[in-house]
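Please keep the structure open beside the text.

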Amino acid sequence: MKYAFYTGCAAKGACPELYQSAVKVAKLLGIELDEMTSAACCGAGVVREGDADLSLAINARTFAQAEAKGLPVLTICGTCQGVLANANKTLKEDPAARDRVNAMLAPDGIAYRGTVDVKHFLWVLIQDVGLSKLRQAVKRSLAGLRVAPFYGCYILRPSKDLGLDDPNNPTSLEELITALGGERIDYSGRIKCCGFPLVLENEPMALAMGGNATAEAKGEGADCMVTPCPLCHMSLDIYQERAGRQRGERLDMPVFHLPQLVGLALGLSEQDLGLSRHMVPVTKAMGKIASPTS
Amino acid sequence: MRATVQVQKFNPETDAAPRLREYQLDVAWRGNTVLDALFQIKHELDGSLTFRASCRSAICGSCPMVINGRERLACQTLVADEIDRCGRIEVRPLRQMRVIKDLAVELDPFWGKVRAITPYLTPKPNRDAVALPQDVEGGFHNVDACIMCGACVSACSSLEVSPGFLGPAALAKAYRFVADPREGRTRDRLESLGGEHGIWDCVRCNFCVEVCPKDVKPMEAIIRLRREALREGLTDHPGARHITTFMAIVRREGRLNEARMPVAMVWPNLRRMLAIVPLGIRMFLKGKVPAWFHRPIPGIREIRRLFDARETSK
Ligand code: SF4
Ligand code: SF4
Ligand code: FES
């Protein structure tokens with residue numbers, strides 16, 4: 001299991017704990033990561049708003065790097081996954097677009113043939129590692145921990161660009177939580193939007209979205225949330241206090257990055273997983289799980 | 001085939017709250033739709049059940065409802081598929097709209113927003129080109145396929161928290177006129193669409209794209225409206241600045257810099273600067289503020305060349 005590792009900007013910026021925990025968990029599970037250090041930002045859907053072909057070209061450059069290595073791309077960011085999958089689909093299925101983009105890249109001797117697949121870490125865990133292997137690797141069951149899954153838009157919609165989950169009734173995070181021994185919380189907010197794309201331009205709207213989901217998870221008795229997208233994490237964690245203030249309540253809801261939750265179950269320490277870097281302390285959740293057994 | 005169908009019933013004049021009522025049906029044929037099932041309930045089990053429908057063939061847009069959790073046209077959704085998927089069928093009215101009775105919702109606010117975008121052409125004064133040039137058909141990107149069913153509006157994340165938002169259906173319609181080469185008020189339109197509750201309030205959640213029964217992709221239309229607004233030079237809006245700032249940072253460093261992005265967004269508005277400072281300090285203490293200057297990614301010259309080539313080709 002070897003992948004071209006596309007970290008995304010957030011894991012190298014405001015969420016270093018995501019990068020750190022993903023690398024450690026991958027190692028424990030025998031997932032080999034060849035980091036794409038010269039890959040550019042996927043554009044997060046924002047560059048595409050300014051210039052569609054430019055955004056395709058930047059991503060074709062990234063795919064060409066993976067193609068040269070003969071490796072599939074692994075992402076750890078739901079937004080990167082959605083944006084890359086969308087660009088890749090266009091480049092694979094629309095030869096005219098691919099030709100246009102390759103012409104833009106030609107002066108630097110770059111061309112993308114359209115042979116690369118892009119997979120989120122969540123999908124790699126389920127499809128390539130497999131839940132049974134994951135179950136066997138658990139050193140510290142999450143039994144007793146009530147986990148609310150929060151998917152984020154880009155890993156679910158539009159479903160024809162993506163593929164693993166039913167966008168209206170996804171199950172992959174739930175299966176993962178169960179495999180780790182945790183208890184999954186069912187709530188309607190799990191497939192909704194965290195609000196992050198609006199946080200700098202219309203903060204009240206963004207806070208209302210993130211706050212609604214968090215408050216609903218809390219109402220259903222969640223001890224914590226887990227998300228495969230660092231932008232959702234920023235919205236739910238960094239902006240949680242403000243969201244709570246806007247609603248007039250204290251939400252106090254720890255939010256884990258996907259690899260952090262897996263890492264906890266695999267017996268990694270709080271330090272390994274960078275849990276102290278969260279804005280909302282994870283103590284409440286940590287109190288619910290036993291210490292690792294070897 | 002036996003089917004369990006649960007329908008949300010509610011008469012605001014007599015009921016305190018909506019409730020789900022369950023019906024057991026013998027569905028005669030695998031090809032029966034959820035709309036067929038509702039008619040069967042109405043004819044055989046509950047004459048009071050209220051819903052809208054007309055064409056029964058996914059053309060008129062009368063029958064959208066929330067079927068097993070997602071907005072669908074009842075006449076386009078097979079009973080058998082839903083039973084296979086969920087074991088039963090749950091039908092509720094569209095969200096974010098007032099229920100008149102059972103599955104029928106108030107559509108006046110929906111049409112009000114469609115009217116607000118001036119849903120007709122205001123031709124250019126010189127009227128040589130009366131017919132729509134053939135080559136722009138593709139230029140509408142399928143927004144003219146909209147049947148005004150309102151499914152996207154029911155699913156919209158931004159509307160859920162900001163009821164004034166123009167919403168996906170009206171904005172997709174607006175794009176149809178902005179994209180029309182015969183339209184004479186393109187800039188005016190973009191200016192007003194960029195105002196309060198307009199194009200910059202979409203959170204890009206893709207719900208509208210996912211639920212639309214006609215593949216209109218309203219969010220893509222909104223993205224194109226934003227692009228057109230930038231092209232018209234309408235850049236003095238936080239939403240527009242978000243795009244230009246983001247692109248400038250990626251051009252320079254190859255990836256986003258989350259320390260500079262928010263500052264560049266609010267600069268030079270002192271009040272907004274002060275509003276982000278406390279959060280920035282708390283993030284800094286948690287090690288969540290990246291370095292102010294990143295070393296650009298290896299190969300940054302390739303990225304800059306791509307950006308610059310686009311600039312000069314404009
Ligand atoms: S993408 Fe925008 S318009 Fe479409 S549902 Fe989401 S917020 Fe609404
Ligand atoms: S865009 Fe699609 S979902 Fe929205 S009103 Fe038109 S047809 Fe219905
Ligand atoms: S009845 Fe006309 S669209 Fe369903």
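Asn142(B) lies in the loop between helix H3 (108–116) and helix H4 (151–155) of chain B. Helices (H or I, at least four residues) and strands (E, at least two) are DSSP runs, numbered from the N terminus. Asn142(B) has a positive phi of about 70° and is not a glycine. With a relative accessible area of 34%, Asn142(B) is partly exposed. Buried means under 20% relative accessible area, exposed over 50%, and partly exposed in between (1.4 Å probe, protein chains only).

This is a predicted model, in which local features need pLDDT of at least 70 and side-chain atom pairs count only at pLDDT 80 or more, while totals for chains, interfaces and linings use all residues. Residues are numbered from 1 along each chain as its sequence is written, chains are lettered from A and ligands numbered from 1 in the order in which they are written, and side-chain values use heavy atoms, with hydrogens and water left out.

**Backbone geometry**

- Most residues other than glycine have a negative phi, and most peptide bonds are trans.
- Ala58(B), a residue other than glycine, has a positive phi near 60°.
- Ala58(B) sits in the loop between H1 and S3 of chain B. Its relative accessible area is 8%, so Ala58(B) is buried.
- The peptide bond from Arg157(A) to Pro158(A) is cis, with omega near -10°. Pro158(A) is in the loop between S5 and H8 of chain A.

**Chain B overall**

- Chain B has 13 helices and 7 strands.
- Its C-alpha trace spans about 70 × 65 × 40 Å along the principal axes.
- Of the 314 residues in chain B, 49% are buried.
- Among contacts in chain B with a separation of 6 or more, 63% join residues 24 or more positions apart. Contact means heavy atoms within 4.5 Å.
- Chain B carries 49 positive and 37 negative side chains, and the centres of the two sets lie 6 Å apart. Lys and Arg count as positive and Asp and Glu as negative; His and the chain ends are not counted. Each charge is placed at NZ of Lys, CZ of Arg, CG of Asp or CD of Glu.

**Aromatic pairs**

- Over all chains, the structure holds 4 aromatic pairs. Rings of Phe, Tyr and Trp (its six-membered ring) pair if their centres lie within 6.5 Å; planes under 30 degrees apart count as stacked, over 60 as edge-to-face and the rest as tilted.
- The rings of Phe63(A) and Tyr112(A) are tilted, because their planes meet at 40°, with centres 5.3 Å apart.
- This pair links distant parts of the chain, 49 residues apart. Phe63(A) is in helix H3 (residues 52–69) of chain A, and Tyr112(A) is in the loop between helix H5 (95–105) and strand S4 (118–120) of chain A.
- Phe63(A) is buried at 0% relative accessibility, and Tyr112(A) is buried at 1%.
- Phe39(B) and Phe51(B) pair edge-to-face, at 5.1 Å centre to centre and 75° between the planes.
- Phe39(B) lies in helix H1 (residues 34–44) of chain B and Phe51(B) in the loop between H1 and strand S3 (64–67) of chain B, so the pair ties together parts 12 residues apart in sequence. Both Phe39(B) and Phe51(B) are buried.

**Charges over rings**

- Arg56(B) lies over the face of Phe39(B), 4.1 Å from the ring centre. A charge sits over a ring if NZ of Lys or CZ of Arg is within 6 Å of the ring centre and within 35 degrees of the ring normal.
- The charged end of Arg157(A) sits over the ring of Phe207(B), 3.4 Å from its centre.

**Helix H8 of chain A**

- In helix H8 (residues 172–179) of chain A, 6 of the 8 residues are buried, so the helix is largely enclosed by the rest of the structure.
- The buried residues of H8(A) include Leu173(A), Leu176(A) and Ile177(A).
- Elements packed against by the buried residues of H8(A) include helix H6 (121–129) and strand S7 (224–227) of chain A.
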